[in-house]
Structure formats: C-alpha cells, structure tokens
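Please keep the model in view while reading the numbered points.

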Amino acid sequence: MELLENGTAKQNEVSVTKKDYISTLTEHIIHEILSRLTMPDVARISCLSKTWKNFYVSFPCLNIEQQYFDHLSYDSFKNFMYHKVRSMSIKEESLVIHKFKLCMHYKYVREAKEEIVNCTRLISKMSTIKEFDFQIIQGNHFDNPDYSYELLHHIYNAKMLMVLRLSGLIMIQPFRDTKFSHLEILRLENVTVHKESDIDWFFTSCPMVREIAIVKCNGLEHLKVCGNLGNLKLLEIAFCEMLKSVEIQVPSLEKLVLYEIKRNRGDDFCMALSIDSETSESLRELTLCNSTIRGITFTCLFSRCSNVESLVLDWCMHFFKIKIASNKLRKLVVKKCLDLLVTDIEAPNLSSFLFCHYLPYGYYNSNNNGQMMQYSEEISQLQECMLDINQVLWTKNIWISLWFDKFKDSADQKLVIYPKHKNFYHAVVLEDWSSMAELALMTQISEEAERIIITTMSFAHLVDYMFGDSGKDLSSVLAFSLTDESSLYELLNNKPKVSCKPCFNVAISLQEMETFLPSRCCSSFSRIAATLKATLLSVSPNLRRIWLDR
C-alpha cells in the first residue's frame, strides 16, 4: 500500500489474468457439452468464433426434434430437411455422426418422407454411427408399410449400432440375414407388429444386447424371448394391449419388468407367464404391474426365484392369496393389490418394506371384512418401512403389531395424515412421530383421518411417494417438527427445480391441533406443545411434474 501526499492510502493495482479454460478442453469434451444443449443453442454458439464454428461443424450429434419446429409449417420443415440432406451429401466422405435422433409429429414426417429416407440412408452408411433414435409421435403408427420398410431397410444396414430406439413404425423382418453384433440397448415403442417373427429375429441377431424394452407394441399377442441373448440383463415388457402370453428363456436375465395394460376383458382373462428354471435362478429384480396372473401362479413362480432381492407388486388384481418366501429378498413393495386377502411373508433378511393398501372410498363391503395378513416373526434386518393405509384397514389392525413391535423405539418415524375434511390443508406430516408413537393414540387419530402413512424411510423417499401418482391433488401440506426447521420444507426448498410458494412458520397450539385431531387426543401432546413447530407448505400445481422430472 502506498501513501499519497495528502496522507490517503492508495491500493496497489493487482493484475488479474483470466485464463480461457474452455479453449484448453479437448474436442471430445466440447462435443459432450454441446450434446447437452438444444440444437438452436448449439447453432448460436457456432457464431461466437471460427473455433466454435469448427466445433459445430464437427459436432457428431444430429437432433431433429418437434419442439424446434412447432412454429414452422410442414413445407418449412420439408425445406429444412432438403437442405440438411444436401449439405450432408456434399460432405458425405468426411461426415462423422455418432448419435442421430429424429422425433417428429407424423404429419411433418408425412410431408418430408423422401428427405427423411435420404437422411436415414446417409447416416446408416456411416461406420461411426453408434446411436439411432427414430420416433414418430402423435400417432399409433405411420400408416404406410412401404415407407416403414424403406426406412427400416436403411436402419438395418447400420451394423455398428450400439443403441437402437424405434417408435411409430410398422415392424418388418429383414429379407436377408441381418445382425447387430454391437447392439447393447434396444427399445421398440408404439410400433405395429403383424406377426411375432417381426420382433423375434432381434433375439437371435443381437448377441451383445444388455437391455430390451418392448412398449405398446400393437398387434403383439404372443412373445417368446429366447435365442442368442447371453448378455441380456434387463427386460421390460409394458402396455402391449393384445398380449396374451409371455415366455422367457434367458439364463443371464437379472431384472424383469412386466406392465400389463388395464383392459376390459373380464375377470376370466389371465396372462400366461412362463419363466424357465435357469432364468428364475438368475433373476435379481422382479416387477409386476396390472398383472392378471393368479395368486397361486405367482406363488409357484416366485418359489423358483430363489435369488430375487427386490420384488414389486403393483395393482395385481387377482392376488387373493399369495406366499412370499425368500432368504435373499431385501426389498418388498406391495401396492394396491385390492383383492389381496392373505399374504404370508417369510423373508428373514428383508430390509425395506412398503405396503400401500389405500383403497377407494366405498370399495369395501360386508363381504370384504375378513382380510388377514401374516408375516414372519423374525424380520431382524428390517431397516425401513412404509405403511400407507386408509381408516378402514387401520381399524382392522392389519400389521399394527409388526410396525409397533419393530419400530416403537425408532427415532426416524414419520406420520402423514390425510384429513377427511380438507378445509385448510390436504395432508399433515408429523416429522418426529417417534416421540408420540402410542398405539392407543394412533387408533384415535385414525378416526379423523381418511388415510394414514407411517414410515421410517428418508424424507426424499417420502416426498417422491407423496407427490407421485397418488399426489395429483395435493396442494397444501402442514408439517410438524420438534425443531425450528422443518426437514420436509428444507428438502423441497433446496431442490433447484422445485418451486413452492413462500412458507411460513407458526407456533403450534392445542387449538390448532384440534382441527385435525380428536379433542380427547390433545392432552397426549401437552408435554411437547411448547416446542412443536408447524410449517405450512403451499405446493404449486406443477410440483409433482417438476419433482418427478428432476
């Protein structure tokens, strides 16, 4: 520091050299950054300098998506594709593209059929193409078999593909032997199948495939997954409306996800599911949703899956009586199996358990009062649990003993109450329920609740669950905690993509608690009324979408 004549001090100038870190990055990293931007943003960046223009020219990803053309006419899109194909043809020998994605409305595709075919032809000829994603949206399928064949003919020539996703086409089996020797991920969604062989050939022609997803395949009635699939780990079969039977023979399979579509076929329809013994032994995760298989069939099937560690049963409508017995099972989810009468669980190493039996009002009648739930007395490894039940089931004391015997001393218990009368809030969260957990008190609280959730899972899991499919109409939450800060509020507030209206803290009083608790219960809370705090969370309507898309 320097002294001037008038005695004031003068700061020494400090030169700061700003280093251009972007320029030091390799081309591969620059391309990775560009791949995370939209195509219009990538085009704008190319105008910054000659260097960035070169990065744009060498950018190995080509994304043509509907969102960039919504404001343009069909003719404008056709003109864009024409010039794109022309520029690609000029640079065909030096052109390098690793990823190609076209996701367009079928009306745009119909207007630019020839240009899209030529673009597909040029890209499929490149030895560098690794990922091919072709989606025709807003239509069951493109209603031109000849056009689908012409497109697929070029796509099937891309022998070096590692990822292939097709949507909106009519599947056609190639006339000559075609093999994808490097393909690792295959997804067929919203495609039309006239005969099973149009899909079956993939199972013998993709020896390296690790993941297969078959979603909304129209016309598919019988699916047999077998063949040259020695590396297949994940198989997802979802929402195939006409599907009647599934046969699986994949000794390497580790995860099976089967979603049936809700259909009006009557109570007599039953999906024929067959899994051979070797596949059963290799399975580690099993998910059944909207399943129509019978409970006795499931019990027999699961008895052979001795190595399954995660089991999810969601809306399985014909599970009147099932038995779940496994020494390896660590995670069990049973959600809304409405006709489930008897469940016998023998899983001594179970560590995570979610039981959701929140039933629609009026579902129960006089014939549905004999539900029995049985469980193994030795569940010593259970670490987290969630029970989501309505007042009807709570009064039947289903699994109350299991919960309170295991977690009565746990410090992680959380209680969510959905009041019958939603005057001010739609849900009440008691973040420190462990200090108030009394069975007699819980029975009294249930009389004023439409639905109750008790859990020891993390707040992140609780929020995912609360604002999931069952939280569509959840707009205000009242959270109680023994500390000045609500953990639930902190979690929501610290998520950048979650936007809630301003929250405010108020001191809890006995009068306020009477709004959702029976008056005779209030005395049980007097010992903590002085420290209990409440936070009202006003949840924005798009919270559910934002939270799930984070």
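1. A definition is needed at the outset: two strands are said to pair if DSSP finds at least two bridges between them. The model under discussion is predicted. With that in mind, one may look at an open sheet made of three strands, in the order E9-E11-E13, with parallel pairing. Strand E9 (222-225) and strand E13 (272-275) are the edges of this sheet; each has a single partner strand, so one side of each is left without a neighbour in the sheet. On average, and with direction ignored, neighbouring strands here are turned by 5° against each other.

2. The pairing of E9 with E11 may be examined in detail. How many bridges join E9 to strand E11? There are four, and strand E11 comprises residues 245-248. As an example, Val225 has Ile248 in E11 as its bridge partner.

3. The chain as a whole deserves a brief description. Its secondary structure comes to 17 helices and 27 strands. Of its 550 residues, 46% are buried. Where contacts between residues at least 6 apart in sequence are considered, 62% of them join residues at least 24 apart.

4. Salt bridges form the next topic. Side chains of opposite charge can pair when their charged atoms come close. The count for this model is 13 salt bridges. One of them is formed by Glu184 and Arg210, whose closest N and O atoms are 3.1 Å apart. Glu184 belongs to the loop between strand E6 (163-167) and strand E7 (185-189), while Arg210 belongs to the loop between helix H8 (197-205) and strand E8 (211-215); the pair therefore ties together parts that are 26 residues apart in sequence.

5. Arg210 also forms a salt bridge with Glu211, and here the closest N and O atoms are 3.9 Å apart. Are these residues buried, partly exposed or exposed? Glu184 is partly exposed, its relative accessible area being 24%. Arg210 is partly exposed as well, at 32%, and Glu211, at 28% relative accessibility, is likewise partly exposed.

6. The salt bridge between Arg451 and Asp388 has its closest N and O atoms 2.7 Å apart. It links distant parts of the chain, since Arg451 lies in strand E24 (residues 449-455) and Asp388 in strand E21 (residues 384-390), 63 residues apart. Residues count as buried under 20% relative accessible area. Arg451, at 4% relative accessibility, is therefore buried, and Asp388 is buried with a relative accessible area of 0%. Elsewhere, salt bridges that share partners join Glu131, Asp133 and Arg165 into one network.

7. Apart from neighbours within four places in sequence, the residues in contact with Glu431 include Gln413, Lys414, Phe459 and Ala479. Phe480, Ser481, Ser486, Ser487 and Leu488 are also among them.

Note on methods
Residues numbered from 1 in each chain as written. Predicted model: local features only at pLDDT ≥ 70, side-chain atom pairs only at ≥ 80, totals over all residues. Heavy atoms only, no water. Helix = DSSP H or I, 4+ residues; strand = E, 2+ residues; numbered from the N terminus. Axes fitted to C-alpha atoms, helices over the stretch in contact; angles between N-to-C directions. Contact = heavy atoms within 4.5 Å. Buried < 20%, exposed > 50% of the residue type's maximum accessible area, 1.4 Å probe, protein only. Salt bridge = Lys/Arg side-chain N within 4 Å of Asp/Glu carboxyl O.
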